[in-house]
Amino acid sequence: MSTPAAFGNADEDARRNRAERVGELALAQGRTIAVAESLTGGMIASALAQAQQASKWFRGSLVAYSTLVKHQLLEVPDGPVVSSDAAVAMARSVRKLLLADISVAVTGAGGPSAQDGHEPGTVFLAVDGGDREQVLCLNLPGEPTAVCAAATLAALNALVSTLD
């Protein structure tokens with residue numbers, strides 16, 4: 001039987017591998033990446049910053065945990081911040097602010113309580129490539145730590161899919 005620490009290491013390895021793949025693809029294509037995060041609190045940026053040659057392709061991240069920051073800095077429209085509209089606005093704004101080619105953004109209800117009428121584990125993820133945007137609604141199980149880890153991996157996977 002595996003221990004919780006073993007699960008954590010497997011999750012970490014998966015995030016590390018996906019971040020490395022983002023870097024490989026971004027470097028090969030000469031593209032740059034930016035991130036806007038809410039519930040993950042910097043986990044996506046941390047994974048990307050640890051990847052090989054990140055200084056050549058990773059522009060940076062904005063952790064907008066506060067609703068006020070989402071509205072004022074990332075131009076999230078009035079209304080709920082746990083929504084597809086919020087995720088799209090966050091991705092679009094951070095791509096422009098950090099002068100990146102592609103961005104990913106996550107916002108959601110990490111738990112343990114509902115937020116903006118959404119149950120814990122509801123995460124909106126958006127990717128902005130300048131000429132096209134994609135948004136996903138994810139329903140991730142588990143405690144807040146597990147939700148954040150899964151949202152981080154989903155964001156990295158979305159970047160790989162966009163670059164691939």
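Is Arg21 buried, partly exposed or exposed? In this predicted model, Arg21 is partly exposed, with a relative accessible area of 29%. The structure holds 6 salt bridges, and the points below take up some of them, including two in which Arg21 takes part.

**Contacts of Arg21**
- Within helix 1, the side chain of Arg21 meets that of Glu24 in a salt bridge with an N to O distance of 3.1 Å, and the two residues lie 3 residues apart, about one turn of the helix.
- Glu24 is partly exposed, its relative accessible area being 45%.
- Arg21 also forms a salt bridge with the side chain of Asp164, at 3.7 Å from N to O; this pair links distant parts of the chain, since Arg21 belongs to helix 1 whereas Asp164 sits in the segment after helix 6 (144-163), 143 residues apart.
- Asp164 is classed as exposed because its relative accessible area of 65% lies over the 50% cut-off.

**Contacts around Asp13 and Arg16**
- The side chains of Asp13 and Arg16 come together in a salt bridge of 2.8 Å, N to O, and both residues lie in helix 1 (residues 4-29), with a spacing of 3 residues, about one turn of the helix.
- Asp13 is partly exposed at a relative accessible area of 36%, and Arg16 is likewise partly exposed, at 41%.

Terms used:
Residues numbered from 1 in each chain as written. Predicted model: local features only at pLDDT ≥ 70, side-chain atom pairs only at ≥ 80, totals over all residues. Heavy atoms only, no water. Salt bridge = Lys/Arg side-chain N within 4 Å of Asp/Glu carboxyl O. Helix = DSSP H or I, 4+ residues; strand = E, 2+ residues; numbered from the N terminus. Buried < 20%, exposed > 50% of the residue type's maximum accessible area, 1.4 Å probe, protein only.
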